[in-house]
Amino acid sequence: MIAFIKRFSTFEKVYFTLCIIAMVVCLILQSSVISVIMVTLSLTAGLLNSKRIKIALLIFSITSIIYAYISYSNGFIGEAIINVFYNMPIYLISFIRSDKKRNSVMVEINHVNKKYWFWIVPIAIIFTIGYGYLLQLISGITIGGITIAKVSLPFSNAFSTCILIIAVFLTSQRYLEQWYIWLISNVVLLAMWIIAIVNGGSNDYALVVQNLSFIGINLNGLLQWRKVDKILKKDTIKGEEKT
């Protein structure tokens, strides 16, 4: 346990402690208990992921289900759908595959080929427009006796869903660029939950704290991964020189 704790810097331990204190404050402000639990688990997984610790993937798969329920309850249907049918399976499958290796740390750090962004960006725009329109169409309708909840902010919801799809895939495949996408996701979701609270549709301050906290965690993760990536590249070069 002591060796495990030593993996984290003083900054990381202090930052995480402050996040937990913020969760207690959210409980006092009457945020839902399930939201506080989900956010606490998510922050834990985020910190573990910054250290490339594999168990983070399993925790992310659990929080995906909880977050789906919270999102649906607040009218963010796109978020709910993507967490149940995409995020949870992707994280779980990635964890199972990585768990076959004995080491607890994900060694590989990959990079997205720059030419792929020329495809990713236009596809993301088309997806956001199409999915946003679909969410608008199904908002509040009844299908087979089941009434779908009214969709809040359909196009913002669609954009955040699109960003999540990209971020989760990059995370599952250990791409360094995941951290840039997660930061965009944090900003979008932060705005969405603030709007939901201001409009009186939610009192889940914990989700605002979550996205604020994740900005710091994801920035730290980006720096940590870039540092390790440089070390791995140097080791690769040295290995090639020896051969």
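1. Helices α7 and α8 cross in a left-handed way (the near helix is turned anticlockwise from the far one by less than a right angle). This is a predicted model, where local features need pLDDT of at least 70 and side-chain atom pairs count only at pLDDT 80 or more, while totals for chains, interfaces and linings use all residues. Residues are numbered from 1 along each chain as its sequence is written, and side-chain values use heavy atoms, with hydrogens and water left out.

2. The α7/α8 axes sit 9 Å apart at an angle of about 155° (lines fitted to C-alpha atoms over the stretch in contact, with angles from 0 to 180 degrees between N-to-C directions). So α7 is roughly antiparallel to α8 (over 145 degrees). On the α7 side the contact (heavy atoms within 4.5 Å) includes S156, N157 and F159, and on the α8 side W182 and M192 are among the residues. It divides into 13 nonpolar, six polar and no charged residues.

3. N157 belongs to α7, residues 154-172. With 0% relative accessibility, N157 counts as buried (under 20% relative accessible area, 1.4 Å probe, protein chains only). Leaving aside neighbours within four places in sequence, its contacts include G75, F76, I77, G78, E79 and M192.

4. Now the other pair: α2 (residues 10-28) and α3 (residues 33-50) have axes that come within 10 Å and cross at roughly 170°. That makes α2 roughly antiparallel to α3. F16, C19 and M23 of α2 are among the contact residues, as are V36 and L43 of α3.

Methods: Helices (H or I, at least four residues) and strands (E, at least two) are DSSP runs, numbered from the N terminus. Buried means under 20% relative accessible area, exposed over 50%, partly exposed in between (1.4 Å probe, protein chains only). Angles under 35 degrees count as roughly parallel, over 145 as roughly antiparallel, 65 to 115 as roughly perpendicular and the rest as oblique. Ala, Val, Leu, Ile, Met, Phe, Trp, Tyr, Cys and Pro count as nonpolar, Asp, Glu, Lys and Arg as charged, and the others, Gly among them, as polar.
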